[in-house]
Amino acid sequence: MKADSTGGNMGDKADVEISENPFEPYIEFLRQQLEDQDPIFLIGFIVVLAVVFITCVFLKYFLTSKTVRSAVLLVGLCDSGKTLLFSRLLASKFKRTQTSITDSSAPYKAKNDRGSAWTLIDLPGHDSLRSMYLEKFKSGARAIVFVVDSAIFQKEVRDVAEFLYILLTDNVISRNAPALVVACNKQDITMAKSAKLIQQQLEKEMNTLRVTHSAALSSQDGSVGGSVYLGKKGKDFEFGQLPLKVEFLECSARGNKGEEGDADIESLEKSLAKL
């Protein structure tokens, strides 16, 4: 008898707990309200909720996937002086270097009142590596410092122009439009070419490259595509036609006094301070 009484009490308690569900009155009220509404109103209400939900999802994806461009890339051919320039910008000290086979990066604080800080990245200049590393870092570039060996520029003008052409016709770089600084390095050497002359010769060389590259693309499928057209159609190429800011400047990572002296990179530091 006691067992039956206990079982009955447990059943009664369960019934009480179920009947005392605190959300049941609200659910019943909401169901009743929905039943009383016009179907057209309900459809419109659901559509509005769906639009709000999709908008929130889109905004969340857009804001979280947006890349913060805070890198300054040092690029150029082998032996142009990128790595020494990297060392001078960071520590103002001379450092013996060798050809880089991987990237090097470090925080760089610009010399301005805002206290701007960027990530300075030195990319390998070897032709078998430069494309891979450029692909890795290009989307985060706030600025690109293209280092040129001014002393032997005449010998390398074609290779310099080819690399620069590939860089400037890249879809990501063209869309993000990072600042481009062409640093005409090794100005301490007597035979070094001036920044103005290097700019003029590069414009001529890249104008020729634009014609040959466009012709090559056209011969493949009958139309020009696959990369950004450089400059303005129907006009000789000039750097001023590009959608990004371009600056040519002269510098010397080694300096006029050699290893013991200071580098002549003030113009480059001023340019980076304006980013």
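Two strands count as paired if DSSP finds at least two bridges between them. By this criterion, the predicted model contains an open sheet of six strands. The strand order is β2-β3-β1-β4-β5-β6, and the pairing is mixed. The edges are formed by β2 (104-109) and β6 (246-250), each of which pairs on one side only. On average, neighbouring strands of the sheet are turned by 25° against each other, direction ignored.

Helix α6, residues 153-168, touches β1 (71-76), β4 (141-149) and β5. The direction of α6 makes about 165° with that of β4. Helix α9 covers residues 266-273. This helix lies across β1, β2, β3 (117-122), β4, β5 and β6. Relative to β6, α9 runs at about 155°.

The loop between β2 and β3 holds N112. The relative accessible area of N112 is 18%. Buried means under 20%, so N112 is classed as buried. The side chain of N112 also reaches the backbone nitrogen of R114, at 3.2 Å.

Methods. Residues are numbered from 1 along each chain as its sequence is written. This is a predicted model: local features need pLDDT of at least 70, side-chain atom pairs count only at pLDDT 80 or more; totals for chains, interfaces and linings use all residues. Side-chain values use heavy atoms; hydrogens and water are left out. Helices (H or I, at least four residues) and strands (E, at least two) are DSSP runs, numbered from the N terminus. Axes are lines fitted to C-alpha atoms, for helices over the stretch in contact, and angles run from 0 to 180 degrees between N-to-C directions. Contact means heavy atoms within 4.5 Å. Buried means under 20% relative accessible area, exposed over 50%, partly exposed in between (1.4 Å probe, protein chains only). A polar contact is a pair of N or O atoms within 3.5 Å; within protein, one must be able to donate a hydrogen and the other to accept it, and residues adjacent in sequence count only if both atoms are side-chain atoms.
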